[in-house]
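This report covers charged pairs, the chain interface and aromatic pairs, in that order.

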Protein chains: 2
Amino acid sequence: MEQHVNTAERILETAFELMQTRGYNAFSYADVAERVGIRTASIHYHFPAKSDLAREVCAHYRTALIATLAAIDRDLTDPADRLQRFVALQGRGLDHRPPMCLCALLAAECPTLPEEVNVEVRGFLSDQETWLTRVLGDGVATSAFCLTVAPEDAAQVLRAGLAGAMLAARASNDRTRYDTIAQSLLTALLRSH
Amino acid sequence: MEQHVNTAERILETAFELMQTRGYNAFSYADVAERVGIRTASIHYHFPAKSDLAREVCAHYRTALIATLAAIDRDLTDPADRLQRFVALQGRGLDHRPPMCLCALLAAECPTLPEEVNVEVRGFLSDQETWLTRVLGDGVATSAFCLTVAPEDAAQVLRAGLAGAMLAARASNDRTRYDTIAQSLLTALLRSH
DNA sequence: GTCTATAGCCCGATAGAC
DNA sequence: GTCTATCGGGCTATAGAC
């Protein structure tokens with residue numbers, strides 16, 4: 001019988017939380033089943049293979065990322081404000097744990113990931129860098145700030161720095177590390193006139 | 001009978017290469033045994049548990065890192081040159097694969113790592129940031145360059161950025177990405193007078 | 001759609017012969 | 001020190017009852 005709250009959705013949400021904390025290789029169908037309150041065989045009904053589940057988790061949250069970026073564009077106009085909001089949203093970790101971007105975690109596992117998941121990871125990176133490049137370019141065009149490198153290079157530096165900051169924050173179990181590094185990074189990248 | 005070339009050393013070297021490419025969870029004693037040309041039981045003789053092997057791999061290469069940093073200090077005096085050398089050495093990947101720092105990879109697995117390995121990962125981060133802070137501080141003191149943030153903050157930004165750059169390079173399977181991001185990062189951080 | 005049961009594999013680890 | 005043999009467990013995945 002179909003659950004009142006869609007089972008596939010609950011599986012996706014649970015798998016996302018596990019992947020965001022443990023990555024792909026270190027979570028199992030048994031972990032998901034236990035949390036959702038079903039058996040592993042039921043997960044296979046909705047997602048035949050683990051790679052299917054992981055791919056759909058990525059696709060689901062890439063869509064959410066795109067929506068988040070669109071919301072930033074809608075709510076704020078100043079490029080510097082948009083960047084601050086982006087940094088802050090990335091910094092919202094699960095519960096009270098350090099923040100972690102699914103994309104950054106999976107990037108570390110790339111050589112052992114199913115190719116279809118790797119495709120999503122590269123898409124994640126591309127989505128973020130495309131948006132960052134545009135916002136950074138806008139900032140230069142409107143003289144909101146100036147850059148010492150090209151917008152597309154600054155975008156890659158910013159995204160890489162935030163990913164490294166999340167890893168450092170989780171490794172040292174210190175949430176504040178992300179914010180410290182993120183703000184220093186913005187200070188170093190963006191110059192007011 | 002003891003091997004002509006110490007078996008424990010060969011195990012350590014092989015385990016290091018596997019950990020640098022796959023991380024901790026995705027390599028097995030079987031992988032190491034096959035490459036070294038022995039049986040898994042023989043590895044257990046030298047390293048009783050997998051956590052023992054991983055800890056010793058980390059300790060071994062932390063020592064190598066310290067030696068490398070000391071060599072940079074010995075060979076070069078200009079702080080900017082020292083930073084460039086640091087970036088270049090980190091960028092030397094295995095074979096023709098993208099560069100990857102053992103520490104950055106393991107940081108992604110922290111929540112699933114044996115605590116004794118986590119201790120080494122934090123030590124790795126600390127070693128690098130201590131050295132970078134000193135070199136960056138030297139650069140400011142000798143007016144070789146100036147910083148827009150405190151040396152300890154710039155050190156964290158630099159290390160995080162390089163870690164993120166390695167992950168991006170490996171995810172997109174593009175070695176040049178590391179160099180591009182690293183140079184942009186240095187350009188943004190260091191200002192000449 | 002969810003279950004029980006199980007296949008088949010890989011894993012880390014140990015016992016004991018040599 | 002290295003081997004063979006094996007244990008116990010976790011994993012992904014499937015078959016088939018309900």
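The model is predicted: local features need pLDDT of at least 70 and side-chain atom pairs pLDDT 80 or more, while totals for chains, interfaces and linings use all residues. Residues are numbered from 1 along each chain as its sequence is written, chains are lettered from A and ligands numbered from 1 in the order in which they are written, and side-chain values use heavy atoms, without hydrogens and water.

Over all chains, the structure holds 24 salt bridges. The table lists some of them.

| Salt bridge | N to O distance |
|---|---|
| A:Arg22 and A:Asp31 | 3.0 Å |
| A:Arg134 and A:Asp138 | 3.9 Å |
| B:Glu129 and A:Arg177 | 3.0 Å |

A:Arg22 is partly exposed at 25% relative accessibility, whereas A:Asp31 is buried at 16%. A:Arg134 and A:Asp138 lie four residues apart in helix H7 of chain A, about one turn of the helix. Helices here are DSSP runs (H or I, at least four residues), numbered from the N terminus. A:Arg134 has a relative accessible area of 37% and A:Asp138 one of 28%.

Turning to the interface, 39 residues of chain A contact 39 residues of chain B, contact being heavy atoms within 4.5 Å. About 3100 Å² is buried between the chains, 68% of it from carbon and sulfur atoms; this is the accessible area (1.4 Å probe) lost on putting the two parts together, summed over both. Two salt bridges are counted between chain A and chain B.

Six aromatic pairs are found over all chains. The rings of A:Tyr24 and A:Phe27 have centres 6.3 Å apart and planes at 80 degrees, so the pair is edge-to-face. Rings of Phe, Tyr and Trp (its six-membered ring) pair if their centres lie within 6.5 Å, with planes under 30 degrees apart counted as stacked, over 60 as edge-to-face and the rest as tilted. B:Phe16 and B:Tyr61 are stacked, 3.8 Å centre to centre with 10 degrees between the planes. B:Phe16 belongs to helix H1 and B:Tyr61 to helix H4 of chain B, 45 residues apart. Both residues of this pair, B:Phe16 and B:Tyr61, are buried.

Key
A salt bridge is a side-chain nitrogen of Lys or Arg within 4 Å of a carboxyl oxygen of Asp or Glu. Helices (H or I, at least four residues) and strands (E, at least two) are DSSP runs, numbered from the N terminus. Buried means under 20% relative accessible area, exposed over 50%, partly exposed in between (1.4 Å probe, protein chains only).
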